[in-house]
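The tour goes from one selection to the next.

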Amino acid sequence: MENVFQSRNRAKPIVYHLRDVVRDRASEGVTFRLRVPSLQITQGEKIALIGESGCGKSTLLDMLAFIAQPSDIAAFRFRPDIDIDAIDIAHMWKKRQMNRLGDLRKRHIGYVMQTGGLLPYLTVRDNMSLSRGVLGLGDDGTVETLARELGIARHLDKLPETLSVGERQRVAIGRALAHQPSIVIADEPTASVDPFAAEKIMSLFIELAEQRNITVVVASHAWRHIKRLGLRRLAHHTHRSKDGRTTETVVNG
């Protein structure tokens, strides 16, 4: 039987394989549950999770980035590179191997926050270099190249507060890409900019990821321009129990 981490055409390994993964969160007597019966994401895929606030988008992204620990897991495997074997993330969670999970995240995953998450006291250059510095990667021109591609080269020595919201998001994208990760996860990366700027930024982001064969998982509430870029939309639905005490979102893909 073919291993689940071999792609259908054997050219694209499966980066994420989740089966029956659940994350529960309780607040004021109400339980919010995200349930993932089955999810497979192959190398180089561009994936979109579309939905309004509160439907579990950020929770799924945080699980994929090994930030939020699932409440229950049947299978959770991760293969960021074709040259390494699939990693049993469920086992790491069970054994509380947080340092190993953190190392995987630092090396293989870039994360773009909704608000950018830039450090206000560092220049654009230093913000974009953070992910490389954590890994001990030297200055090889990657940051400067990304800045040119993102149209922010003239801002490299400025502080984030002097930039527009759209420019700050471009810096955040550059930071996520700078250490050449296998996967970039983006949580509403253009929610704070106008629709025209959002489409331009998202198009540039996907183009840069495509050039580098980076797998992208993005959460958004705007399907129109995401669809235009050709991302695969994850199927999901949300329902509430009759007593109103449990809200559950189910994601498959």
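Which residues does Thr215 touch, not counting residues up to four places away in sequence? Select Thr215 and look around: the residues it touches are Val15, Ile41, Thr42, Gln43, Gly44, Glu45, Ser182, Ile183 and Val184. Touching, or contact, means heavy atoms within 4.5 Å. Thr215 is found in strand β8, and it is buried, with a relative accessible area of 0%. Buried means under 20% relative accessible area, exposed means over 50%, and partly exposed lies in between, with a 1.4 Å probe and protein chains only.

Before going on, note that this is a predicted model, in which local features need pLDDT of at least 70, side-chain atom pairs count only at pLDDT 80 or more, and totals for chains, interfaces and linings use all residues. Residues are numbered from 1 along each chain as its sequence is written, and side-chain values use heavy atoms, with hydrogens and water left out. Helices (H or I, at least four residues) and strands (E, at least two) are DSSP runs, numbered from the N terminus.

**The open sheet**

Next, select β5, β4, β1, β2, β11 and β10, which in that order form an open sheet with mixed pairing. Two strands pair if DSSP finds at least two bridges between them. At the edges are β5 (87-88) and β10 (235-240), each pairing on one side only. Helix α1 (residues 57-64) packs on the sheet, where it touches β1 (14-27), β2 (30-42), β4 (72-78) and β11. Now go to β10 and β11 (residues 246-252): six bridges join them in the antiparallel sense.

**Aromatic rings**

Show the side chains of Tyr16, Phe66, Phe76 and Phe78, which ring pairs link into a cluster. Rings of Phe, Tyr and Trp (its six-membered ring) pair if their centres lie within 6.5 Å; planes under 30 degrees apart count as stacked, over 60 as edge-to-face and the rest as tilted. The whole structure has three aromatic pairs. Tyr16 and Phe78 form a tilted one, with 5.2 Å centre to centre and 40 degrees between the planes. This pair links distant parts of the chain, since Tyr16 is in β1 and Phe78 in β4, 62 residues apart. Both Tyr16 and Phe78 are buried.

Select β6 (residues 109-112). Ile109 and Tyr111 point one way, Gly110 and Val112 the other, and all are buried. In a regular strand the side chains alternate between the two faces of the sheet. Strand β7 (residues 183-187) runs parallel to β6, joined by four bridges, and Val112 stands opposite Ala186 in β7.

Then move to helix α6 (residues 165-177). Why is it largely enclosed by the rest of the structure? Because 11 of its 13 residues are buried. What covers the buried residues of α6 includes β6, α4 (124-134), α5 (142-150), β7 and α7 (195-211).

**The nonpolar cores**

A nonpolar core is a set of buried Ala, Val, Leu, Ile, Met, Phe, Trp, Tyr and Cys residues joined through side-chain atoms within 4.5 Å. In the largest one, of 36 residues, Met128 and Phe205 touch the most other members. Its largest share, nine residues, comes from α7. End on Phe205, which touches Ile173, Val184, Ala186 and Val216, not counting residues up to four places away in sequence.

Conventions: Axes are lines fitted to C-alpha atoms, for helices over the stretch in contact, and angles run from 0 to 180 degrees between N-to-C directions.
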